[in-house]
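Here is a short briefing on one protein model. Read it with the sequence and the 3D view open.

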Amino acid sequence: MSPQTIDLVYLVSAALFIFSLKWMSDPKTARNGVFAGVAAMALAVAGTLLRPDITAGGYTWIFVAVVLGTIVGVPLSWVPLTAVPQRTALSHAFGGLAAGLVGIGKYYLFLHDGDLTAFRTGAIVFEVALGLMTCTGSLVAAGKLQEVLPTRPVTYPGQNFVNFALIGAGVLIGIALVVNPTLTFLFPVLIVLALAFGVMLVMPIGGADMPTVISLLNSYAGLAAVAMGFVLENKLLIVAGALDGSSGLILSIIMCRAMNRSFTNVLFGAFGQVTAAKGAVEQRSVKSATIEDAAQILEAADRVVIVPGYGMAVAQAQHRVRDVFEQLTKKGINVQFAVHPVAGRMPGHMNVLLAEAEIPYDKLVEMDDINPEMSQIDVCIILGANDVVNPAARHDKSSPIYGMPIIDADKAKTVLANKRSMNPGFAGIENELYFAPNTLMMFGDSKVVMGELAKQLSGESGGH
């Protein structure tokens, strides 16, 4: 295939990537967005495989890579929706590793051929540093999400000093390599620093900040792809990486605003290390409700708001929630779903689960739209959500979530809160909402509780 034809294929692919992002921003066109993204990637791969420099070298190693990728990728596609956050983190890790390995390979190849210019070295330094940092940081994030690593922040004295020292050393080494690309002994040091910094960056971050970390790592992976595009002189890779990096950065900004936090606070604040010491000072009791009680309260309501959280995801209760939604709707009750921007363990986590259960998208309401109406809501059902409905964020200046925008669930006339236990959420903070006079607790697995509630609402026999 001629270079001109390949450029045309890349141009069409880049346009489809842009349209894919645009269309996926609206549920009505999201399916078209997925198809556009698949078509864009297919064209990108096809155009690359037909480049003269690729065809001249043969496809043997490419075939081996495809087989290995399939062996790893297919099982990853089988994970349940509850494990999508950690699978996404693993995908970022593989993307970062690929960028890092390409950068390492091209550095020594250019060095051998005498083509290692200052610009190429700078692009390689950027690619390797971001790629390998993304790899190890994403692996740590996946470990925290899977709970094979501590979900609480792992901190030590002087951690920020060590982190900034690693950044400083990496920058100095990068500058030295750009000025004199033949300082080859510095390149392995850069590799080790990048790998170490990824671990050091994410270990002190608590599980409550994982949605922001995931989107930030997505941004890093995109930027590494941009640098890889410059190294490989591939325009499409530059465009696709820029789209990935910029969208990840914008999403991270949205996440930080939703928590009233800054990037520096997320990355260096060790949010979540505060223990619930105040809970030991005052022993408070909660009121609980049976399934029958909850059904009677709901049947007497006109408006119901359901706030999904990670507890719903863990229990895989979204289909039972759909059953409750249908039973209430049949009785003429207006049911809406209030989704907090950082609910769950990754951006859009709750939206994906509710969509899988075929909850009508127009029934999902954003936090800013539902909050002014919460005082008119008869019943608010909390499904495993914790920090995003904690009233302490509004008034308790000593709380680490103070100032974080929350869904004003406590302003509803009645709150039905479903949790497995009274353990605090991922942020490690006791929730005042559970002790409010208008709150009734429904203890148990969300899937079981919602299933029994749906039966009770439908008139079938069988209590809790």
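Pro80 is partly exposed, with a relative accessible area of 39%; partly exposed covers the range between buried (under 20%) and exposed (over 50%), using a 1.4 Å probe and protein chains only. This is a predicted model, in which local features need pLDDT of at least 70 and side-chain atom pairs count only at pLDDT 80 or more, while totals for chains, interfaces and linings use all residues. Residues are numbered from 1 along each chain as its sequence is written, and side-chain values use heavy atoms, leaving out hydrogens and water.

**Around Pro80**
- Pro80 sits in the loop between helix H4 (60-77) and H5. Helices are DSSP runs of H or I with at least four residues, strands are E runs of at least two, and both are numbered from the N terminus.
- Gln316 is 236 residues from Pro80 along the chain, yet their C-alpha atoms are separated by 8.9 Å.

**The largest nonpolar core**
- The largest nonpolar core has 40 residues, and Ile124, Leu177 and Phe187 touch the most other members. A nonpolar core is a set of buried Ala, Val, Leu, Ile, Met, Phe, Trp, Tyr and Cys residues joined through side-chain atoms within 4.5 Å.
- Helices H5 (84-113), H6 (118-146), H7 (159-179), H8 (186-202) and H9 (210-232) each supply at least two residues of this core.
- H6 gives the largest share, 11 residues.
- Leaving aside neighbours within four places in sequence, Leu177 is in contact (heavy atoms within 4.5 Å) with Tyr107, Thr121, Val125, Leu183, Leu186, Phe187 and Leu190.

**Helix H6**
- H6 is mostly covered, with 21 of its 29 residues buried.
- Its end C-alpha atoms are 42 Å apart, which agrees with the 42 Å that its 29 residues should span at 1.5 Å a residue. The expected span is 1.5 Å times one less than the number of residues.
- Glu147 follows H6 and has a positive phi, near 65 degrees.

**The sheet**
- Six strands form an open sheet with parallel pairing, in the order S3-S2-S1-S4-S5-S6. Two strands pair if DSSP finds at least two bridges between them.
- Strands S3 (364-366) and S6 (439-443) are the edges, and each pairs on one side only.
- S2 (residues 334-339) and S3 pair in the parallel sense over three bridges. Leu364 in S3 is the bridge partner of Phe337.
- Helix H14 (residues 318-330) lies across S1 (303-308), S2 and S4 (379-383), at about 145 degrees to S2. Axes are lines fitted to C-alpha atoms, for helices over the stretch in contact, and angles run from 0 to 180 degrees between N-to-C directions.
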